[in-house]
Amino acid sequence: LYSAYRDNRLERIQRGELSDNQFYGFLRLRKCGISTSYAEIEQYVPRSVAVWLRRHILQVYLSHLPLFPKFFSHDVIFHVNSFSSQLACILLGFKKPKWVLYDYSLTGFLGNETTWRQKILSYIIAHSAGILTITEEEKRRLELRFPTLRGKIEYIPYGTDLEYYKPRGSPEKHQILTVGLDPGRDYKTLFKAVEGLDVRLLVTKSHRVKNFPTVLPPNIKVTKLSEEELLDAYATSKIVVLPLDIRGGANESMGISTLVEAMAMGRAVIASKTFAMESYIQHEETGMLVKPQNVEELRAAILRLLGDDLLRTRLGTQARSSMVEHCDANTVAERMAAFFSRITGKPLHHI
């Protein structure tokens with residue numbers, strides 16, 4: 001169960017036009033002996049009706065409740081935030097299907113469990129059949145918080161399509177790239193860090209980002225990019241920067257999907273030091289980590305990489321090697337398949 005409508009992305013993936021990263025192993029699990037399907041309301045009502053329902057009634061956490069009868073033909077329901085649907089199954093006492101959470105930042109959303117929503121979420125998590133985390137630290141935190149789930153929580157890195165995201169050998173432009181699709185990008189710090197530098201900063205901006213400055217330095221270009229244009233931007237930019245603001249604590253796993261794309265493309269990456277980034281970047285080996293909200297440290301890292309071609313190339317090459325070793329989507333899918341088999345107690349071809 002996904003948190004947003006997938007439109008025609010599946011058809012485009014099958015035609016080789018897009019990567020399947022955003023499907024979290026959906027297609028590749030089939031190659032591992034697991035029969036997979038996904039459900040969303042757009043499959044059953046006109047698109048216009050679905051848009052109205054999502055906007056005014058269902059919203060993100062309720063979006064799959066109308067599909068409740070579909071759940072029981074499956075052994076496992078794998079989801080990010082279909083908490084209401086999982087809660088309904090728990091309260092009604094259903095033993096099947098098994099509910100597995102794909103954890104972006106459950107401990108961040110839980111906070112100190114001071115609100116009724118956080119308390120309900122804690123109850124849902126405690127009654128999950130399994131949890132897959134995409135950072136090592138999140139696995140540790142969850143096991144401390146929910147000791148009864150030990151053995152049911154597994155860290156599996158975020159997988160990336162290494163055939164889609166790969167070095168192109170394109171000539172570099174004197175350009176830095178930052179890609180932002182979640183609300184936690186720290187543009188304020190990044191823009192101050194590049195102000196006055198003789199380099200262009202290319203920014204892809206999401207409407208979800210709330211802290212976007214209104215006045216921009218002249219060396220910053222903000223634009224929307226198609227998938228192919230984004231690949232070209234990755235391939236030709238000297239550095240990819242991920243400035244992150246985690247002070248709210250709600251989503252410390254932000255930035256991972258962009259990170260693995262950039263690393264798979266063989267780019268030198270500078271990222272704010274969060275526990276999520278530390279799960280994927282070894283400082284000065286596969287990228288560079290800087291203190292969050294530290295303009296001077298970020299500026300120094302940018303200048304260092306711009307002025308050192310050998311270091312920049314080495315970091316990019318080792319970043320790609322790290323993705324091949326740890327984040328190959330096929331290997332990730334195999335690990336996920338083994339996890340689902342263990343959770344259900346069934347051989348793979350029976351799931």
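# Chatting through a predicted fold

Q: Let's start with Tyr24: buried or exposed?
A: Tyr24 is buried, at a relative accessible area of 17%. Here buried means under 20% relative accessible area, exposed means over 50%, and partly exposed is in between (1.4 Å probe, protein chains only).

Q: Before we go on, what kind of model is this?
A: This is a predicted model, so local features need pLDDT of at least 70 and side-chain atom pairs count only at pLDDT 80 or more, while totals for chains, interfaces and linings use all residues. Residues are numbered from 1 along each chain as its sequence is written, and side-chain values use heavy atoms, with hydrogens and water left out.

Q: Thanks! Back to Tyr24, where is its place?
A: Tyr24 sits in the loop between helix 1 (9-14) and helix 2 (28-31). Helices (H or I, at least four residues) and strands (E, at least two) are DSSP runs numbered from the N terminus. Tyr24 also has a positive phi of about 50°, although it is not a glycine.

Q: What joins Lys96 and Pro97?
A: A cis peptide bond, with omega about 5°. Pro97 is in the loop between helix 4 and strand 2 (98-103).

Q: OK, zooming out. How many helices and strands does the protein chain have?
A: The protein chain has 14 helices and ten strands.

Q: How much of the protein chain counts as buried?
A: Of the 351 residues, 54% count as buried. As for contacts (heavy atoms within 4.5 Å), among those between residues at least 6 apart in sequence, 64% join residues at least 24 apart.

Q: Nice. Which residues touch the most other members of the largest nonpolar core?
A: Tyr234, Met277, Tyr280 and Phe340 do, in a core of 62 residues. Helix 14 (residues 329-344) gives the largest share of this core, seven residues. There is also a second, separate core of 25 residues that includes Val194, Ile220, Ile239 and Leu305. A nonpolar core is a set of buried Ala, Val, Leu, Ile, Met, Phe, Trp, Tyr and Cys residues joined through side-chain atoms within 4.5 Å.

Q: What does Met277 touch?
A: Not counting residues up to four places away in sequence, Met277 touches several residues, among them Leu242, Met254, Ile256, Leu259 and Leu289.

Q: Moving on to helix 8, why is it largely enclosed?
A: Because six of the eight residues of helix 8 (residues 187-194) are buried. The buried residues are Tyr187, Thr189, Leu190, Phe191, Ala193 and Val194.

Q: What do those buried residues of helix 8 pack against?
A: Strand 5 (173-179), strand 6 (200-204), strand 7 (220-223), strand 8 (237-242) and helix 12 (295-306). Just after helix 8, Gly196 takes a positive phi of about 85°.

Q: One more spot: where does Ser85 lie?
A: Ser85 lies in helix 4 (residues 83-91), and it is buried with a relative accessible area of 0%. Leaving aside neighbours within four places in sequence, Ser85 is in contact with His64, Leu65, Phe68, Phe71 and Trp99.

Q: How far apart are Leu67 and Ser85?
A: Leu67 and Ser85 are 18 residues apart in sequence and 8.9 Å apart in space, C-alpha to C-alpha. Leu67 lies in the loop between helix 3 (47-62) and strand 1 (76-79), and is buried at 5% relative accessible area. Not counting residues up to four places away in sequence, Leu67 touches Ala39, Glu40, Ile41 and Tyr44.
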